[in-house]
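Have a look at the sequence and structure first.

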Amino acid sequence: MKRKIFLTHFINLALMLGLTANIFASDIPKPETYFGHLPGADFKLIRWEKIYEYFHLLGEKSNRIEVEDLGKTTLENPFLLAIISSPENLSQLDNYKAIARKLARGSVSEQEAIRLAEQGKTIALVTCSMHASEIGPTQMSPELAYVLATDNTPAIKQILDNVIFLLVPSWNPDGNVLVVDWYRQNVGTPYETSPMPWLYHHYVGHDNNRDAFMHTQIETRYVNNILYHEWFPQIFMDMHHMGNSDARLFLSPLYEPRHHSLDPLLTREIELTSAYMRTVLEEQGKIGVMHYANWNHWRMSAIHTCALWHNVTTILFEAAATRMATPIFQTARDLSGAGSGGLGKQGNNQTINYPSPWPGGWWRLRDIVEYAYWSVIGFLETGAIHKDKYLLNMYRMARNSIEKGKSQAPYAYVIPKSQKDPNTVAKMINILIANGVEIHTAEKSFKAQNREYPSGTYVVLLSQAYRPFIIDILGPQIYPDRRQYEGGPPERTFDLTGWTLAYQMGVEAVKIDLHFEAQLQQILDAKPPEGKVIGSGNTYILDHNVLDSFRAVNRLLEEGANVGWAIESFTSGGKRYPPGAIIVSGSDLSRKIQSLSKEFNLQINMGNSPEKLIKLKSLKLGLFKPWIANMDEGWTRWIFDNWEFPYTTIHDEEIRNGDLKEKYDVIVLTNITSRRIIDGHREGTVPSQYAGGIGEHGLVALLQFVKHGGTLITLNSSCQLPINHFKVPLKDVSRKYPTTEFFCPSAILKVNVDNTHPIGYGMENTANVVSYGSPFFEFLDADNINSNGKKDMVMSTKIVARYPNSNPFMSGRLIGNHLLHNKPALVEVGYGKGKIIMFGFRPQNRAQPHGTFMMFFNSLYYGPASASRN
């Protein structure tokens with residue numbers, strides 16, 4: 001205890017005397033000593049718990065580093081943030097956070113902003129290896145931290161004095177553990193570089209970089225809290241690996257197109273930052289660096305692009321991949337740039353954005369570590385040199401947005417609180433708040449654009465710092481008509497081109513283009529109406545419009561209650577209920593129903609049961625999980641877990657073994673191509689227990705499952721399987737046309753819904769669906785049906801949703817809208833005693849389109865349900 005007091009006094013004295021050299025530097029082991037090898041050594045990987053321990057050791061022994069555990073990850077590993085700066089800066093972190101917040105929000109005068117920029121420090125955030133198999137940046141992080149903790153050169157001192165460096169050594173600690181264990185298990189065997197047969201994030205795998213605005217995963221929430229609530233960094237770098245067919249490293253700027261809503265200052269600062277970094281790399285002999293290629297500015301789903309809409313100068317780092325820690329040797333033939341998509345590239349040739357091509361040779365994980373190290377050093381040096389510029393320009397971008405919101409339309413988005421699913425409305429508002437958006441509610445009724453809105457209405461004013469984000473999260477995206485050449489095929493897109501959240505969640509958000517007046521109060525979170533049970537009668541009636549009702553249904557069925565859906569509209573207690581109203585009965589339910597209404601904010605009425613019901617059964621649900629790791633399967637698991645659907649994971653072998661109807665009533669095939677379902681991994685590329693797919697035996701087993709009364713649900717690409725192998729009376733014509741005639745890489749499209757069909761219960765008669773690499777269906781004519789050789793199988797079809805006989809486009813990219821007119825989008829095929837329910841879109845894509853979750857959830861219960869009469 002005395003030693004600790006003495007050390008505390010010594011540190012305080014050192015601070016007073018300006019002794020910023022690390023007083024414990026000699027006690028800090030080098031990474032190669034601590035880990036037993038140099039980070040990035042051939043065939044060696046460092047596991048997360050050792051990296052975690054090393055950072056805490058640095059935090060204990062260095063007065064330049066503070067280490068915070070932000071919480072637990074999905075699989076209960078610690079999520080770590082290292083804060084690195086001079087001791088003087090670390091002693092005043094609250095002050096620097098406050099300065100950064102004021103400038104980012106644009107909440108002070110310009111004169112005050114200039115003063116704060118002079119006083120403040122550049123807050124620089126770097127996140128490493130969210131894609132855990134892209135392991136180089138995480139392996140680099142201890143070496144970088146060691147240098148910053150111990151080096152006393154003028155260059156490092158300049159960084160420490162002027163920058164507060166926020167380092168996330170691993171965005172995905174769970175994934176680090178998984179990939180390191182898999183590699184260590186197989187190194188030195190024929191499967192040393194084989195793909196891991198499960199996702200490197202428990203739920204979402206690679207799509208953890210598609211969760212930026214939706215905030216479904218805890219790791220996303222940790223980083224977004226750093227970005228938009230606590231630290232407000234002015235500059236941010238997100239570190240990844242890419243393919244290795246040409247450049248050794250890509251650094252932003254990204255390629256065209258960019259959104260017009262982004263501030264031009266942001267583009268200039270990205271150029272400034274990246275140019276300095278690329279110069280540092282060239283000075284260090286790190287050649288083969290490319291910019292302005294590969295990835296475009298358009299998408300908002302990635303953390304590094306979403307930050308752009310928040311005025312954060314963001315750099316994407318993408319190093320050429322190795323096979324984990326196994327070196328690769330590449331010749332000129334390997335460096336053709338094949339498969340790169342061509343955005344801003346001309347193979348491995350010298351161009352203005354690729355001035356020093358890499359000639360080939362050995363490429364090692366250690367190379368990635370060194371490229372990553374010098375990239376971060378360059379990133380921090382420019383942060384130190386241009387400190388005042390970064391701070392003041394973040395303020396200027398915020399003020400530009402605020403002033404535009406006062407003088408240019410749109411002026412606001414108005415979101416009525418009372419909608420068919422008020423719980424989902426509140427969820428969307430809280431997503432906006434989590435993204436740093438300021439939300440108000442009306443204290444009194446008001447009028448905007450000739451429409452009256454009651455008190456309590458949500459108002460999102462556009463005179464705020466994050467105006468660009470609001471415009472492009474609530475408004476539609478119209479992707480530019482970019483062509484490979486004039487009159488030629490369209491240029492390829494990257495990821496989603498349309499993501500309008502209000503469309504996806506089925507929430508009305510009204511754009512206000514005219515000035516209006518309202519008495520408003522800012523809120524910090526949105527709450528749905530408080531749940532309650534009212535009325536009297538022998539049954540409980542839940543609202544099928546409210547998605548959270550399914551949480552209650554799953555609990556009630558698990559506990560043995562009687563649950564059904566009304567087949568027809570009916571009246572009870574003077575209130576008219578539509579088809580699909582959820583009817584619950586059973587003994588001793590009162591306390592349980594009251595509890596569920598409070599927990600899930602449900603408005604539950606008591607009344608009398610209608611005469612005709614569809615009786616729901618407890619689910620016997622199987623979710624197919626291939627050994628080719630599939631993100632859509634992971635997202636579906638996350639949704640099932642969060643909405644409390646009971647399910648069992650099914651692998652290839654169980655399907656091949658048959659007798660599926662004995663165990664399951666419903667089987668879900670997520671967005672997986674039929675080839676991957678049937679063939680899986682090629683024999684010899686992975687350990688034998690993970691090779692192959694369901695094969696011919698599995699196809700027969702699935703066919704028998706449906707014929708004997710099971711329900712097979714196919715989502716998006718998996719619709720190929722019943723089309724190609726079960727010969728349903730449909731065909732996919734999405735690839736029938738050249739891309740000059742039909743091109744829909746991704747879009748939000750309108751469909752008409754038959755909401756009298758059980759799959760459509762709880763829906764409006766129109767919905768917005770996510771089309772992303774999706775099929776679109778046409779029915780086969782009689783001759784084609786007969787030629788399929790299934791004359792003995794009686795098949796009936798019901799269209800649950802179809803595209804309208806007009807342009808269905810809402811947001812994204814679409815050429816040839818007329819080809820979709822009146823085409824089926826969601827079809828029920830009666831097959832023997834069972835059903836195949838085919839979604840020609842993604843009803844649960846990345847857990848975003850809450851507006852179409854309902855049809856997916858309904859389909860789970862609809863298959864095994866039975867009609868009954870009270």
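Two strands pair if DSSP finds at least two bridges between them. Strands (E, at least two residues) and helices (H or I, at least four) are DSSP runs, numbered from the N terminus. With that in hand, strand 19 (residues 539–542) and strand 24 pair in the antiparallel sense over 3 bridges.

A word on what you are looking at. This is a predicted model, where local features need pLDDT of at least 70 and side-chain atom pairs count only at pLDDT 80 or more, while totals for chains, interfaces and linings use all residues. Residues are numbered from 1 along each chain as its sequence is written, and side-chain values use heavy atoms, with hydrogens and water left out.

**Strands**

Strand 24 has another partner to look at: strand 18 (residues 532–535) runs parallel to strand 24 (residues 603–607), joined by 4 bridges. Elsewhere, an open sheet of 5 strands is ordered 16-11-15-12-17, with antiparallel pairing. Strand 16 (510–512) and strand 17 (520–523) sit at its edges with a single partner strand each, so one side of each has no neighbour in the sheet. From one strand to the next, the twist averages 35°. Strand 17 is joined to strand 12 (residues 439–442) by 4 bridges, and the two run antiparallel.

Here are some residues that face each other across these pairs:

| Residue | Opposite residue | Strand of the opposite residue |
|---|---|---|
| I439 | I523 | strand 17 |
| I534 | N605 | strand 24 |

Helix 16 (residues 467–474) lies across strand 11 (412–415) and strand 15 (458–461), at about 50° to strand 11. Axes here are lines fitted to C-alpha atoms, for helices over the stretch in contact, and angles run from 0 to 180 degrees between N-to-C directions.

**Helices 3 and 7**

How do helix 3 and helix 7 pack, and at what angle? Helix 3 (residues 48–61) and helix 7 (residues 136–150) meet at about 10°, with axes 10 Å apart. They are therefore roughly parallel to each other, a label used for angles under 35 degrees. On the helix 3 side, I51, Y54, F55 and L58 make the contact (heavy atoms within 4.5 Å). Their counterparts in helix 7 include P142, A145, Y146 and A149. The residues of this contact divide into 8 nonpolar (Ala, Val, Leu, Ile, Met, Phe, Trp, Tyr, Cys and Pro), 3 polar (the others, Gly among them) and no charged (Asp, Glu, Lys and Arg).

Helix 9 (residues 173–186) has 10 of its 14 residues buried, so it is largely enclosed by the rest of the structure. Buried means under 20% relative accessible area (1.4 Å probe, protein chains only). Among the buried ones are V177, V179, V180, W182 and Y183. The buried residues of helix 9 pack against helix 3, strand 2 (78–84), helix 7 and helix 10 (218–230). Just after helix 9, G188 has a positive phi of about 85°.

Helix 10 holds T220, which counts as buried at 2% relative accessibility. Beyond its neighbours within four places in sequence, T220 touches W171, N208, D211, A212 and H215.

**Helix 5**

In helix 5 (residues 93–105), the end C-alpha atoms are 18 Å apart, in agreement with the 18 Å that 13 residues should span at 1.5 Å a residue. That expected span is 1.5 Å times one less than the number of residues. Buried residues of helix 5 include L93, Y96, K97 and I99. Just after helix 5 comes G106, with a positive phi of about 65°.

Technical notes: Parallel < 35°, antiparallel > 145°, perpendicular 65-115°, else oblique. Buried < 20%, exposed > 50% of the residue type's maximum accessible area, 1.4 Å probe, protein only.
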